[in-house]
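Subject: Structure handover

Hello,

Here is the structure I promised to pass on. Please open it alongside this message and follow the notes below.

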Amino acid sequence: MNPPSDVLIEVANLRKIFPVKKKFFSRSTAAVHAVGGVSFSIRHGETLGLVGESGCGKSTTGRCVIRVIEPTGGTVRLEGRDVTALSGKDLRAVRRKMQMVFQDPFSSLNPRQTVDAMLREIFYVHGIAEGAQADRKIGELMEMVGLPAGKAGNFPHEFSGGQRQRIGIARALSVNPSFIVCDEPVSALDVSIQAQIVNLLTELKQKLSLTMLFIAHDLAVVRHISDRIAVMYLGKIVELADARSIYKNPLHPYTQALLSAVPIPDPEIKKQRIELKGDVPSPANIPKGCSFHTRCPHAENICKEIEPELKEIRGHFVSCHLIDRQSMSV
Ligand code: SF4
């Protein structure tokens, strides 16, 4: 996958393996392959949606990219600089450029700190602003995320779930980051609030030219905010294309199944839902061949033996033996 020239972040063959002890007193360990060689790039001002079921490795990927957790292998380059090779002061400086909006806004905020104190502390630590300048910046940030400036003196528990997520977004924006990972930012919120937060992020993306990795388990959530979408299954990207292509012409059977579960707000249109059989296999015991073959309605013998590569077909990346065959016959 050749990254375009205006790439901000480039991830190559990212891997994360978690060792697991089989028995409490045993030395022998199993390995959970949470991320199994993921590559993608994100251009300046672009949003890449990263979608898949729980346990597919999408959140681990996001956390490895900004080094909240250490990757086992692979590289992450921010503006050409290898983030995985940095430590100490250099790493702290780069971390400021890469921020995260967490899934659960309540547990990611300090319950004993007002919003004002939290933002003031960040400004102080990063040498951004103090005193009256900090006051002004706090007011601007509150307004930017749609919260009344007069509420900056409140504690997290005094806000609703949606408002707390707005505070999480304000915190991420407070250091003027180049790149933001939004890790399922709406899945802990009521459905009625989800759209408000997605709309806010979409507005901010346009206003501030934000570059984002937007992680969600639902294709419906990422639809309007994403420029391109990557679909993950058992630690690997199985399809990656621009958002329109994914919704109009999903090529991978897994993407087709995910998309069939997205409701259409039109009672006249009836969609046939593709029911996937069985559960997602354990990442500690990934099936041989195509990891999706245990659930795929089109699986053939080759799928049980040989892992398909992620190949490009007219700007659309997909890993499936059937697509290989179809594209050869076109
Ligand atoms: Fe299904 Fe085979 Fe394609 Fe995997 S390679 S998605 S099992 S048809």
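A cavity here is a set of grid points where a 1.4 Å probe fits but cannot get out. With that in mind, the space taken by the ligand is the largest cavity. Please note that this is a predicted model.

The ligand

Which residues come nearest to the ligand? They are Cys-290, Cys-296, Cys-303, Cys-320 and His-321, out of 13 residues around the ligand. Sorted by class, that shell holds 9 nonpolar and 4 polar residues. Charged residues are absent from the shell.

Arg-228

Next, look at strand 9, which spans residues 228-233 and includes Arg-228. Is Arg-228 buried or exposed? Its relative accessibility is 14%, so Arg-228 counts as buried; the cut-off for buried is under 20%. Two polar partners stand out in the list for this side chain. A polar atom of the Arg-228 side chain lies 2.4 Å from the backbone oxygen of Ser-41. The side chains of Arg-228 and Glu-46 are joined by a polar contact of 2.7 Å. Setting aside neighbours within four places in sequence, the contacts of Arg-228 include Ile-42, Arg-43, Thr-47, Leu-48 and Gly-49. Leu-240, Ala-241, Asp-242 and Ala-243 are also among the contacts of Arg-228.

Helix 9 covers residues 253-260. Why is helix 9 largely enclosed by the rest of the structure? Because 7 of its 8 residues are buried. Those buried residues are Pro-253, Tyr-254, Thr-255, Ala-257, Leu-258, Leu-259 and Ser-260. What do they pack against? The partners are strand 3 (47-51), helix 7 (219-222), strand 9, strand 10 (236-242) and helix 8 (243-248).

Helix 8 also holds Arg-244. Arg-244 is exposed, since its relative accessible area is 61% and the cut-off for exposed is over 50%. Arg-244 and His-157 are 87 residues apart in sequence. In space, their C-alpha atoms are 39 Å apart.

Helix 1

Helix 1 runs over residues 58-65 and is mostly covered, with 6 of its 8 residues buried. The buried ones are Lys-58, Thr-60, Thr-61, Gly-62, Cys-64 and Val-65. Arg-67 follows helix 1 and has a positive phi, near 60°.

Other positive phi angles

Asn-13 is not a glycine, yet has a positive phi of about 50°. Asn-13 sits in strand 1, residues 7-21. With a relative accessible area of 40%, Asn-13 is partly exposed. Ser-209 is not a glycine either, and its phi is positive, about 50°. Where is Ser-209? Ser-209 is in the loop between helix 6 (191-208) and strand 8 (211-216).

Gln-113

Finally, go to the loop between strand 6 (98-101) and helix 3 (115-125), where Gln-113 is found. Gln-113 counts as buried, because its relative accessibility is 16%, with the cut-off at under 20%. Which side chain does Gln-113 meet in a polar contact of 3.0 Å? The partner is the side chain of Glu-121. Leaving aside neighbours within four places in sequence, Gln-113 is in contact with Met-118, Glu-121, Phe-155 and Pro-156.

Best wishes

Notes. Residues are numbered from 1 along each chain as its sequence is written. This is a predicted model: local features need pLDDT of at least 70, side-chain atom pairs count only at pLDDT 80 or more; totals for chains, interfaces and linings use all residues. Side-chain values use heavy atoms; hydrogens and water are left out. Helices (H or I, at least four residues) and strands (E, at least two) are DSSP runs, numbered from the N terminus. Buried means under 20% relative accessible area, exposed over 50%, partly exposed in between (1.4 Å probe, protein chains only). A polar contact is a pair of N or O atoms within 3.5 Å; within protein, one must be able to donate a hydrogen and the other to accept it, and residues adjacent in sequence count only if both atoms are side-chain atoms. Contact means heavy atoms within 4.5 Å. A residue is near a molecule or strand if one of its heavy atoms lies within 4 Å of it. On a 1 Å grid over the protein atoms alone, a cavity is a set of points where a 1.4 Å probe fits but cannot get out, and a pocket is an open set with protein on both sides within 12 Å along at least five of seven lines; lining residues have an atom within 4 Å of a point. A molecule sits in a cavity or pocket if more than half of its atoms lie within 2 Å of its grid points. Ala, Val, Leu, Ile, Met, Phe, Trp, Tyr, Cys and Pro count as nonpolar, Asp, Glu, Lys and Arg as charged, and the others, Gly among them, as polar.
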